[in-house]
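Subject: The model we talked about

Hello,

Here is the structure I promised to pass along. Have a look at it first, and then read on for what turned up.

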Amino acid sequence: MTPAWHRLEAHASSPGKRHFLHGLALLDRTSYYAILVAMGVMTTLVSAQVFARYVMGTSIDSADELSRLFFVWAIFLAIPHGIKVGIHVGIDALVTHFPAALQRGLARLMAWIGAAMMAALFWISLGAVADKWQELMPTLPITAAVFYIAVLACAGHSCLHLIAQALGLEPLPSAPDRRGGTPS
């Protein structure tokens, strides 16, 4: 684990919280490597398709579909990492004028609301996966549900990070102040 996660685990007040953070760190690490693999495979497929079309005069039938699949997986696997560090889109024109304690309280409340929304998305994604399971991709004998499984993984992973932020186990992303920096 990274030194930052060791520090977070050391400050967790109970063994359950330490195990939760440790499991989340393992999920993050696994997700990072899966993103690397997905981006690498996507890049290789697109490059092979370009080479096949323009040099060999042929085409790889499933390259477009597979590269789209790996792109979707890379994006949905990356979203929880953005949530973890606070690089998602947010409008804070009003909130930056509040006292720091109120800002932290609102950030925790929003993390709980976000976690609830991600839990709902997880539940809805389960239905979508079940609904699409019988449908196959046009060029491959693979279920079309693999696109929805990426959403399912994203929702679950994001929900865990939002719960960790809401419980104070993970630092809340700080909003920039009016001068463009981050509050201390």
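Let me start with the cysteines: the count of disulfides comes to zero. Please keep in mind that this is a predicted model. A disulfide is a covalent bond between the sulfur atoms of two cysteines. For a pair to be counted here, the two sulfur atoms have to lie within 2.5 Å. C154 has a relative accessible area of 4%, so C154 is buried. C159 is buried too, at 13%, since anything under 20% falls in that class.

C154 also leads us to the helices, as it is one of the α5 residues that meet α3. Helix α3 covers residues 63-85 and helix α5 covers residues 146-166. Their axes are 8 Å apart and the packing angle is about 5°, which means that α3 is roughly parallel to α5. Sorted by class, this contact holds 15 nonpolar, five polar and three charged residues. On the α3 side they include L69, V72, W73, F76 and I79, along with E65, R68 and K84. On the α5 side you will find, among them, F147, I149, V151 and L162, as well as H157, S158, H161 and Q165.

Helix α3 has another partner in α2, which spans residues 15-56. Here the angle is about 150°, with the axes 8 Å apart, so α2 and α3 are roughly antiparallel to each other. Their crossing is left-handed. The residues in this contact divide into 16 nonpolar, four polar and four charged.

Methods. Residues are numbered from 1 along each chain as its sequence is written. This is a predicted model: local features need pLDDT of at least 70, side-chain atom pairs count only at pLDDT 80 or more; totals for chains, interfaces and linings use all residues. Side-chain values use heavy atoms; hydrogens and water are left out. Axes are lines fitted to C-alpha atoms, for helices over the stretch in contact, and angles run from 0 to 180 degrees between N-to-C directions. Helices (H or I, at least four residues) and strands (E, at least two) are DSSP runs, numbered from the N terminus. Angles under 35 degrees count as roughly parallel, over 145 as roughly antiparallel, 65 to 115 as roughly perpendicular and the rest as oblique. Contact means heavy atoms within 4.5 Å. Ala, Val, Leu, Ile, Met, Phe, Trp, Tyr, Cys and Pro count as nonpolar, Asp, Glu, Lys and Arg as charged, and the others, Gly among them, as polar. Buried means under 20% relative accessible area, exposed over 50%, partly exposed in between (1.4 Å probe, protein chains only). A crossing is left-handed if the near helix is turned anticlockwise from the far one by less than a right angle, and right-handed if clockwise.
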